[in-house]
Amino acid sequence: MKNLELKILTKIIRELSHFLLVHGFKTFSLETKVEDKVTYFVISIDQPKKALLDKMNERISRERELEVETYGWELLGDMDDKNELDVLGLLIDDIVIEEKPNQAVITLSRVSRYKD
Amino acid sequence: MKTLYLKLKGRMMMPAIFLILFAMAFSFDSLSAIYEGYLNILQSPSVLISDYLEIGGLGATLFNVATIMLINIIMLNRLKVKMSGPIFAGLLTIAGFSFFGKNIFNTIPIYIGIYLYAYYQKLEFKSFMIVVLFSTGISPIVSYLIFGTGWPFYIGVPAGVIVGIFTGFVLPALSAHTIRFHKGYNLYNIGFAMGILSMLYAAMLTTLFGFDLFVFGTTTSEAYHYELLILTLVLSSVFIASGFIANRKVLRKYPKLLKRTGRAVSDFIRDEGRDITMVNVGVMGLISVIFITVLRIEINGAVMGGILTVMGFGAFGKHPVNSVPVMLGAAFWFLLSPVVTGDPAGVGLAIAVLFVTAIAPIAGRFGVLFGIFAGFVHIVLTPFTYVFQGGFDLYNNGFAAGFVAALLVPVFEFLKKNVPEEEME
């Protein structure tokens, strides 16, 4: 995997951790699976607010834009307010939210577009 | 008619703006005057501040603006690049700086450099399109090496082209790195990256070759103030009207947009919609007109560049709430400067009142008073950054804004610990 992709994946993990901590989640799990070209980030959180999940879905499910990714990926992980998921949304291809009683499992996936 | 409007709306009116500028070029000057003026523009060293209105006249300058816009619009269409906020901002910035420094001749080597970087990185050229559009702010280095050094063409031309290609080649990596320095609070990040490169070029040309980089001085022409004022009002009206045609209740969306800090990467087209973004672009144009009118600034090529850039960034981070405070801070020093120094405020300070909006996200995040202070610090710093970078970086305000943001944001964060945080709505 290209070094640039590894750096971006590391930043995504940092941004997600920061986002969850900023929103007051004291217990959460963040699992990362790298499979060939696709990387999955699986987050499990307890008792999330519906509004938070909806906003995450809205912000992250937008179309990925490679032009903005190459320009602004270094800003990932420097979140200044609770609402800043815009940059992350540009780097994620897909989001699936599975709501269970008192728990949610959020799966984000990203396809590497960088050739080795 | 409706189909045409939808197509234009999809491209944020850019083809219409190209046509307006192109038609205006031929309505002001004869074909021969445009030809002669255009040759003068192409052969100008183009370092800050080389006003093409003075060098080539209004017709040739508008022809230069229109042709550069056309080439970039064609490139974006061929590469199927979506008209997002940063792309729109890049196009209008290119148009603006084609009034004072950018021409077809000095921009191409830089594009080639970025293309080679993309090839080297095995990435699509279009993925660097934001850098491509803003990269030409450093194009004067190409013109200077060819026309400004006094070197024979067999040395000057290869030197200009090679340095231009090298600049394009390193810029994508450099700009990705510099955005961390100011954490996205400087909207002209590539201007900051180019300022660092320009500083290196200026030092080398001065130290190794003994050139006086400021020998060309500042050339401006205020002879077309009213024509350009009307052009700005027409363009602003076109954008506002287009927003209302797209959606009569468009203003209902404005409060949400105005709450954005504007920090990079804020794509208003993507996040808030084309209709309200077009209105915001037009409003930013009108705000620029109000400021220059109140401050009695006459429009020359550089000021026009500032107005178009402010309008362009109306889709990529700037809005009245975050821009007016920093403009007020800059306007304060613009008015005070003649009293303190005894000299009239020059064109550098005049354009800084517009380009200070590079740090609009500081006001967006920390509020009005911090914004005014940041605007004041910015305008005081710009004359010094100009000397550092030798005039090769047309985005001198972007260079200054990088330092202002990097300096003030950590201090403001320290002073204002309990910044109201936006809650998920």
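1. In this predicted model, the contact between the two chains involves 32 residues of chain A and 38 residues of chain B. Together, chain A and chain B bury about 3400 Å², and carbon and sulfur atoms account for 54% of that area.

2. Three salt bridges are found across the interface of chain A and chain B. One of them joins A:Glu74 to B:Arg180, with the closest N and O atoms 3.4 Å apart. Three residue pairs are in polar contact across the interface of chain A and chain B, counting pairs in which both residues have pLDDT 80 or more.

3. On the side of chain A that touches chain B, two or more residues come from each of helix 1 (3-22), helix 2 (50-60), helix 3 (66-72) and helix 4 (86-89) of chain A. Helix 3 of chain A provides the largest share, with six residues. By class, this side of chain A comprises 17 charged, eleven nonpolar and four polar residues.

4. Chain A also contains paired strands. Strand 1 (residues 28-35) and strand 2 (residues 38-46) of chain A run antiparallel and are joined by eight bridges. Within this pairing, A:Ser29 has A:Ser44 of strand 2 as its bridge partner. The two strands form a hairpin with two residues between them, and A:Asp36, in the turn, has a positive phi of about 50 degrees.

5. Strand 2 of chain A is paired with strand 4 (residues 103-111) of chain A as well, again in antiparallel fashion, through nine bridges. Opposite A:Phe41 stands A:Leu108 of strand 4.

6. Turning to chain B, the chain is divided into domain 1 (2-207) and domain 2 (225-415). The centres of these two domains of chain B, taken over C-alpha atoms, are separated by 20 Å. Contact between the domains involves 59 residues of domain 1 and 62 residues of domain 2 of chain B.

7. The area buried between domain 1 and domain 2 of chain B is about 5300 Å², with 77% of it given by carbon and sulfur atoms. Of the area that domain 1 of chain B buries against domain 2, B:Tyr185, B:Leu187 and B:Tyr188 supply 18%, more than any other three residues.

8. One salt bridge is found across the interface of domain 1 and domain 2 of chain B. A salt bridge is formed by the side chains of B:Lys183 and B:Glu413, at 3.4 Å from N to O. The polar contacts between domain 1 and domain 2 of chain B amount to 15 residue pairs, both members at pLDDT 80 or more.

9. Several helices of chain B build the side of domain 1 that touches domain 2. Those supplying at least two residues each include helix 1 (2-10), helix 2 (14-28), helix 4 (52-78), helix 5 (85-97) and helix 9 (153-182) of chain B. Helix 10 (189-207) of chain B also belongs to this group and, with ten residues, gives the largest share of that side of domain 1. The residues on this side of domain 1 of chain B comprise 39 nonpolar, 16 polar and four charged.

Key:
Residues numbered from 1 in each chain as written. Chains lettered and ligands numbered in written order. Predicted model: local features only at pLDDT ≥ 70, side-chain atom pairs only at ≥ 80, totals over all residues. Heavy atoms only, no water. Domains from an automatic or database assignment. Contact = heavy atoms within 4.5 Å. Buried area = accessible area lost by both parts, 1.4 Å probe. Salt bridge = Lys/Arg side-chain N within 4 Å of Asp/Glu carboxyl O. Polar contact = N/O pair within 3.5 Å; in protein donor to acceptor, adjacent residues only side chain to side chain. Helix = DSSP H or I, 4+ residues; strand = E, 2+ residues; numbered from the N terminus. Nonpolar A, V, L, I, M, F, W, Y, C, P; charged D, E, K, R; others polar. Pairing = 2+ DSSP bridges.
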